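Have the sequence and the structure at hand as you read.

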Amino acid sequence: MPPSDSSWVVFVRLWLTLPVVKTAPQSVISLEPPWTSFFQGETVTLTCYGSGFNLPQKTKWYKNNMAPREIQRPTLKVHVPGVYKCQADNLLPSIPVHLNFHKGSLVLQAPPAVFEGDSVVLRCRAKGTIAQKSLTFYKNGVALKTSRQGSELYIHHANLRDDDEYHCAVDVWYRAWSSNKVKIQVQALFPRPVLTARPSQPIDGSPVTLTCHTQLSAQRSADQIQFCFFRNLQVLKSGCSNSSEFHIPAIWTEDSMWYLCSAEAMNAQVSKQSLAFKIPVQRAFADFQIHTVPGSKLVFEGQMLLFNCSVKGVPGPIRFSWYKRDKMNKETKIPKSSEAEFKTSMVNSSDSGDYYCEANNSRRSFVSQAVPITIKVPVSQPVLTLSTGKPRALEGELMTLHCKSLRGSPRIQYEFYYEDVFLEINSMLSGGGASFNFSMTTARSGNYYCTADNGLGAQRSEAVWISVIVPVSHPVLTLGVPGAQAAVGDVVELHCEALRGSPPILYHFYHQNVTLGSSLAPSGGRGSFNFSVTAEHSGNYFCEADNGRGPQSSDMLALSVMDMIKNRSVPVAAGITGGLLVVAGVAAGVLFYCWFSRKAGGKPAFDDSRNSSYSEPQEPTYYNVPVCIELQPVYSNDPEEEVIYTQVRRPTEMRTSSGL
């Protein structure tokens, strides 16, 4: 691009958009420089913007309506002629831009869009040494006489009549040059406004909103428009403003006149006026709606009663009044009821009657139809009581449920339920309530409730939980030990379980009739107690189960505790017992041998002929046999096995008769 002359180089961005669509924002494309015609070899930079003129994350570029090319950069440098448009992210594509690159020596540059009221600049550029002082501009083929020579042609305050074709030329004695032709199409800055009224046919005395409808072109959306409203060619009240709406608080039949509006673009000094139209004002017709809370015309005593009066067709402001007509046709104005809503916090029987409202707009009054209200006394929430007074009963016990509503118009119908299952129905003319009898079983445990209804709405009592108590059965005590038998230091766990009985069940554990501890089973089942045993824990154990209906005890269970370190009961007993058996065996053998030897010598060991009167002792005869052998045990201790062994030895010398 040739060096720029500060007299004609202006840094401008021209925003090109379609008319704004609220539901689908459109992409915006800008050109730099802001022209559409260039010399061949020059470059123009296109920039794509998203909503709010923010740079997009991704951009699609279109050329000559061909398939888009997606790039990450929002800018695109162009030096090839064509029709370009962009799409920022997921917005709608921008309007197309026609770019031309010319081979000639002259090029006429113009902005791509011209609006009425704009000051337009046409720029004629020349290559090389072409003398621009002989440059001439042409409009529709006719040379224009300008007040000054230069490369720019100014069109002040363009209007819709300036829809012409321009070009520039240089003519010297030896040669002539002509530029490209540019068609200037002046667009409307905004359309002629249209005035509307909302509502279009207002009621006498009702408010009206006038709206002057027009819209700036999307390319000039930054311009400001001032709106003025007129009635019979007279400016209404506040005059002109930037708002396209004008509010009339109340319009009357005498205000049925001609209305119009005007819109003026302040920057471009373009003003347009709407067509005048007449607003038809309708006579008022009252359409009342009275809403009550509660919605039924039967109101319960003690309830809040709320009236709300709404009226259509009556212009405001409206002042309301409330009236009541009793059974004697006596009408009374209700004090402090000047609003559309009237409330009685707590009604009683004297509030029965016919109610109506009156609407007044300072010109006339309108009266609604009467609404009859009847005050009734509904049943109160019933109370369910038990004959026993307690929510727990023994299995087989007779239970009586009594249901009573303290307030309510007769007749009252009572119904009894168990876990939402219907049991029985009773109707009572008096206020004594109703009863239901049944025998308690384990299957009858659960929630019971009753309902009371006198046709004005059923009421349900609070649920009462009745549990059937089953006494505990004879519990079973079991032991849990780590091995076959308990030794000192072992942890022993006692388990006590009553197979039948209502929870919660409290278990007590005893050793030799001394309490060891307790365990609570809130949901039934078994209880447990564990402890580390000592030698003193040998003995009898039992447990006791109790759920408040009499305790039950288990059978006795014996536990023997062995002390492996102190007493060495098992190995020592085994060693001593083995040793004694050996000694006893040897001794028995020796005695048998002595007896047999005497029998062999012909003399018995004892003389049967001797009697108790024979006093002389007779010395026995000993043989050279081990008749009297003294058995001497010898003990030894193996330090590894910690067992005491016993050994029996014979003396080396045999005792004889001479040695005695």
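Rings of Phe, Tyr and Trp (for Trp, its six-membered ring) pair if their centres lie within 6.5 Å; planes under 30 degrees apart count as stacked, over 60 as edge-to-face and the rest as tilted. Before going further, please note that this is a predicted model, in which local features need pLDDT of at least 70 and side-chain atom pairs count only at pLDDT 80 or more, while totals for chains, interfaces and linings use all residues. Residues are numbered from 1 along each chain as its sequence is written, and side-chain values use heavy atoms, with hydrogens and water left out.

The structure holds 18 aromatic pairs. One of them joins F38 and F101: the ring centres are 5.7 Å apart and the planes meet at 25°, so this pair is stacked. F38 belongs to strand 2 (residues 37-39) and F101 to strand 8 (residues 97-102), so the pair ties together parts that are 63 residues apart in sequence. Strands here are DSSP runs of E with at least two residues, numbered from the N terminus. Both F38 and F101 are buried, meaning under 20% relative accessible area with a 1.4 Å probe, protein chains only.

Let's follow those strands into their sheet. It is an open sheet of 5 strands in the order 2-8-7-4-5, with mixed pairing; two strands pair if DSSP finds at least two bridges between them. Strand 2 and strand 5 (69-71) are the edges, each pairing on one side only. Neighbouring strands of this sheet are turned by 30° against each other on average, direction ignored, with axes taken as lines fitted to C-alpha atoms. Strand 7 (residues 82-88) and strand 8 run antiparallel and are joined by 3 bridges; V83 has H98 in strand 8 as its bridge partner.

Another open sheet has 3 strands in the order 45-47-50, paired antiparallel. Its edge strands are strand 45 (476-480) and strand 50 (526-532), each pairing on one side only. The twist averages 20° from one strand to the next. Between strand 45 and strand 47 (residues 491-497) there are 5 bridges in the antiparallel sense, and T478 has H495 in strand 47 as its bridge partner.

Finally, look for charges over rings, where NZ of Lys or CZ of Arg is within 6 Å of the ring centre and within 35 degrees of the ring normal. The charged end of K85 sits over the ring of Y62, 5.4 Å from its centre. R460 lies over the face of Y449, at 3.7 Å from the ring centre.

Definitions and conventions:
Helix = DSSP H or I, 4+ residues; strand = E, 2+ residues; numbered from the N terminus. Buried < 20%, exposed > 50% of the residue type's maximum accessible area, 1.4 Å probe, protein only. Axes fitted to C-alpha atoms, helices over the stretch in contact; angles between N-to-C directions.
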